[in-house]
Amino acid sequence: MINVLERNVLVLNKHWMAIHVCSAKRAFCLLYQDMARVVTDKYDVFDFETWKDLSRYAEGNFIHTPHFKLLVPEVILLRRYGKYPKHYVKFNRRNIYQRDNFTCQYCGKRLPREDLTIDHIIPRSHGGRSNWTNVVLACSKCNTLKGDLTLEECAMDLIHVPKEPHWSSIMRRSMAEEDHYLWQKFIDIAYWNIPLEE
Ligand SMILES: [Zn+2]
């Protein structure tokens, strides 16, 4: 169970297009500052006060303050921001696991997080960098087999050529992981309408 303040919240721009994912903590700040509204599955929109009222009777994940509790929203709508920013997926451990779908990129086994490691295709000892095209997930068996060798040296193959993931594919994966059923409505729209980069 992840900390509720760390839960992912989908952010829509003022035209109701999914543009970003933020933490629940950030979503509450935006809501409190009246820069964002909460969107529900019925497309109803709530400001901080009305959301606070609704939270008294709702069920779900809450944060508790000394005086009231607040339901963690799934989706928020920005009031003024209307742009569609170019997305870069952060190069971090979590997103590498999401991109490779918890699958060893050498043998294709899908495994729990703790049984996977991050492998440098060109080993760091050979000058390999830590970036999207040079790291993949590997199970401990494949990682041991590969050791400090290059692909040619160990005669191993990758099941996919690694590249920078598209932000919407990362969102889809975290959506499945955290059970954000409401995101689907907005991400499907974004998925079909975003300009393709290649
Ligand atoms: Zn493997």
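**View 1. The buried face of helix α1.** In helix α1 (residues 24–32), the residues tucked away as buried are Ala24, Ala27, Phe28, Leu30 and Leu31. Looking down the axis of α1, these buried residues sit within an arc of 165°, so they line one face of the helix; the arc is taken from the directions from the helix axis to the C-beta atoms. "Buried" here means under 20% relative accessible area, "exposed" means over 50%, and "partly exposed" is in between (1.4 Å probe, protein chains only). Helices (H or I, at least four residues) and strands (E, at least two) are DSSP runs, numbered from the N terminus. After α1 comes Asp34, with a positive phi near 60°.

A word on the model: it is predicted, so local features need pLDDT of at least 70 and side-chain atom pairs count only at pLDDT 80 or more, while totals for chains, interfaces and linings use all residues. Residues are numbered from 1 along each chain as its sequence is written, and side-chain values use heavy atoms, with hydrogens and water left out.

**View 2. The whole chain, for orientation.** Zoom out for a moment and the chain's secondary structure comes to seven helices and nine strands. The C-alpha trace spans about 65 × 35 × 25 Å along its principal axes. Of the 198 residues in the chain, 42% are buried. Among contacts with a separation of 6 or more, 61% are between residues 24 or more positions apart; a contact means heavy atoms within 4.5 Å.

View 3. Five strands make up an open sheet with mixed pairing, in the order β2-β1-β7-β3-β4. Two strands count as paired if DSSP finds at least two bridges between them. β2 (18–23) and β4 (45–46) stand at the edges with a single partner strand each, so one side of each has no neighbour in the sheet. Helix α1 lies across β1 (8–12), β2, β3, β4 and β7 (75–78), and runs at about 105° to β2. For that angle, axes are lines fitted to C-alpha atoms (for helices, over the stretch in contact), and angles run from 0 to 180 degrees between N-to-C directions.

**View 4. Strand β1 and its two partners.** Five of the five residues of β1 are buried, so this strand is largely enclosed by the rest of the structure. Both faces are covered, with Asn8, Leu10 and Leu12 buried on one side and Val9 and Val11 buried on the other. On the β2 side, five bridges join the two strands, which run antiparallel. Look for Leu12 opposite Ala18, and for Val11 with His20 as its bridge partner in β2. The β1–β2 hairpin has five residues between the strands, and Trp16 takes a positive phi near 65° there. With β7, β1 pairs in the parallel sense over three bridges, and Leu10 has Val75 as its bridge partner in that strand.

**View 5. The β3–β4 end of the sheet.** Strand β3 (residues 36–39) runs antiparallel to β4, and two bridges join them. Val38 has Phe46 of β4 as its bridge partner.

**View 6. The zinc site.** Four cysteines provide the protein donors of the zinc ion: Cys104 (SG), Cys107 (SG), Cys139 (SG) and Cys142 (SG), lying 2.3 Å from the metal. Donors are N, O and S atoms within 2.8 Å of the metal (3.2 Å for Na, K and Ca), and water is not among the atoms, so sites may look incomplete. Along the sequence, the donor residues are spaced C-x2-C-x31-C-x2-C. Cys107 lies in the loop between α3 (93–99) and β8 (116–120) and Cys139 in strand β9 (residues 135–139), so the pair ties together parts that are 32 residues apart in sequence. Cys107 is partly exposed at 37% relative accessibility, whereas Cys139 is buried at 5%.

View 7. Phe102 sits in the loop between α3 and β8 and is buried, with a relative accessible area of 12%. Its C-alpha atom is 40 Å from that of Thr50, 52 residues away along the chain. Thr103 is in the loop between α3 and β8 and counts as buried at 12% relative accessibility. Leaving aside neighbours within four places in sequence, Thr103 is in contact with Gly108, Lys109, Arg110, Leu116, Leu137 and Ile159.
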